[in-house]
Amino acid sequence: KAGALWGGRFAGGPSPELARLSKSTQFDWMLAEYDLQGSRAHARALAAAGYLTDTELTQMVGALEELERAVVAGDFLPADADEDVHSALERGLIDIIGVEVGGKLRAGRSRNDQVATLVRMWLRDHAAILASLVIELIDALAAQAEAHEDAIMPGRTHLQHAQPVLLAHHLLAHCWPLVRDLDRFADWGRRADASPYGSGALAGNTLGLDARLVAADLGFAAVVENSIDGTASRDLVAEFAYITAQIGIDMSRLAEEIILWNTREFGFVTLDDAYSTGSSIMPQKKNPDIAELARGKSGRMIGNLTGLLTTLKGLPLAYNRDLQEDKEPVLDSINTLEVLLPAFSGMVATLTFHTERMAELAPQGFSLATDVAEWLVKRHVSFRDAHEITGSLVKFAETNNLDLHEVGDDDLQALSSHLIPEVRDVLTIRGSVDSRDGVGGTAPVRVAEQRAHLVARVRDL
Ligand code: ARG
């Protein structure tokens, strides 16, 4: 017998090769509960428009609830002949109440408007789960910042020593992109808050069904304005995949630093045993696998986004079967992040920072040169001259194998009459950090403020 939902005009059933290719139950089964919820809402809309009697509606809703219990319990599963989650569940419904009543449910809807709606519902739930996991990571970073309020580390540009910064400032710098990821989910949620149910296959339906009733029933604020858009667009799925990829990238950048910090050469952190792995041959090894997996998996999530965008590119309106390819990439990104984030947060929460080592390296590489130049500017030397004078000081120190503060009074004077011994007052990492007290700067007062803002921001989300 031909495919259960569309056999009428066909002479026979699909070839086994087609059936195998066409089948999507192995991944779209995650939509089963949303499908049943949608079907209950649709049944109520059918009844409101006079296509189901009260008795039929009660029967239908009862059967859909029974089917949902069976799905949740794992007692009802897709069969080999089911093309997709929608066909499987219609089979299940008809098994329970028979074709007479069960066969009425499909009126006025298509799998095209159904699947577009269900995917939004499914993504909405995972946006909430992912957001709470991202908040846990932000909390772990903010707690480490709070625990190391005074620690100073070498701040880098081009991976070279640049200027000393507070470790807390650096850790909080990893929080803000994640906060924006949370904003992105919230933003996405506003755009995704319209139901495509009622769009039918592409042109709408003739039965006078109240799509607003269905939308409200399913927790959507609105109905899509255009049935073609409702069934054919997947930009919201791609946007969701982008947010997951961006979270992956944000974690990957921190992961890369943790991997570096954990080397003997840096010696900035020690990983907790429970969040690191060993080697099967080298007994001494303790490896940052969580960070490496985070870095690696970000590539996979970028791939998922890229693949989905490539599927969408050039697709004519309205629905095309290509659109079935929207689910697996974003499902993979969701599964990836939902496993990765808890491990990653645990690793961050249990990191031990070696603050003496960081403080020892912070002044190296002439990282206080900018402080000298700005000290000169405060004494009304033009920045152009100050830069030049400080450059000659760095060159002198480098040639003579000295740190800036070790250059003697006479040598300072010889380099420039502006370089009086008081310049050494700014040649401490503490003084350097304290003096960067403009908004958003690394001075301890500003960083404490920043952390308070972050905590309030996340709390108010
Ligand atoms: N399984 C399809 C999807 O996920 C929905 C079914 C639409 N099929 C069709 N022939 N119109 O996109």
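UniProt positions follow the numbering used here, feature names are shortened, and annotations may be inferred rather than shown by experiment. With that understood, the unreviewed UniProt entry lists residues 366-434 as "domain: Argininosuccinate lyase C-terminal". The structure discussed here is a predicted model. Within it, the span 366-434 is 58% helix and 0% strand, and its end C-alpha atoms lie 18 Å apart. The unreviewed entry in UniProt also places a feature called "domain: Fumarate lyase N-terminal" at residues 18-303. Over residues 18-303, the chain is 63% helix and 7% strand, with 27 Å between the end C-alpha atoms.

The protein chain is divided into domain 1 (16-107), domain 2 (112-249 + 278-360) and domain 3 (365-459). The centres of domain 2 and domain 3, taken over C-alpha atoms, are separated by 40 Å. Contact between these two domains involves 22 residues of domain 2 and 15 residues of domain 3. On the side of domain 2 that touches domain 3, the elements giving two or more residues are helix 6, strand 1, strand 2 and helix 7 (167-191). Strand 2 provides the largest share of that side, 7 residues. By class, the side of domain 2 that touches domain 3 consists of 15 nonpolar, 4 polar and 3 charged residues.

Strand 1 (residues 152-157) pairs with strand 2 (residues 160-166) in the antiparallel sense, over 6 bridges. Isoleucine 152 has leucine 166 in strand 2 as its bridge partner, and methionine 153 has valine 165. The hairpin formed by strand 1 and strand 2 has 2 residues between the strands, and histidine 158 there takes a positive phi near 55 degrees. Leucine 159 is placed in the loop between strand 1 and strand 2. Leucine 159 also has a positive phi, of about 65 degrees, although it is not a glycine. Most residues other than glycine have a negative phi, and most peptide bonds are trans.

Attention may now turn to the ligand. The residues around the ligand are Ser24, Asp28, Asp84, Arg111, Asn112, Val115, Tyr319, Arg321, Leu323 and Gln324. Divided by class, the residues of this shell are 3 nonpolar, 3 polar and 4 charged. Helix 6 (residues 111-147) gives the most to the shell, with 3 residues. Why does the ligand lie between domain 1 and domain 2? The ligand lies between domain 1 (16-107) and domain 2 (112-249 + 278-360) because both give residues to the shell around it.

Another backbone feature is found at leucine 317 and alanine 318, which are joined by a cis peptide bond with omega about -5 degrees. Alanine 318 lies in the loop between helix 11 (289-312) and helix 12 (327-349).

Phenylalanine 366 is located in the loop between helix 13 (355-361) and helix 14 (369-378). Leaving aside residues up to four places away in sequence, phenylalanine 366 touches Val394, Ala397 and Leu404. Because 18 other C-beta atoms lie within 10 Å, phenylalanine 366 is partly exposed; a residue would be buried with 20 or more. The C-alpha atom of phenylalanine 366 is separated by 38 Å from that of serine 279, and the two residues are 87 residues apart along the chain.

Asparagine 401 is found in the loop between helix 15 (383-399) and helix 16 (409-415). Phi of asparagine 401 is near 60 degrees, a positive value in a residue other than glycine. Asparagine 401 is exposed, because 7 other C-beta atoms lie within 10 Å.

Terms used. Residues numbered from 1 in each chain as written. Predicted model: local features only at pLDDT ≥ 70, side-chain atom pairs only at ≥ 80, totals over all residues. Helix = DSSP H or I, 4+ residues; strand = E, 2+ residues; numbered from the N terminus. Pairing = 2+ DSSP bridges. Buried ≥ 20, exposed ≤ 12 C-beta atoms within 10 Å, placed from the backbone. Contact = placed C-beta atoms within 7 Å. Near = placed C-beta within 6 Å. Nonpolar A, V, L, I, M, F, W, Y, C, P; charged D, E, K, R; others polar. Domains from an automatic or database assignment.
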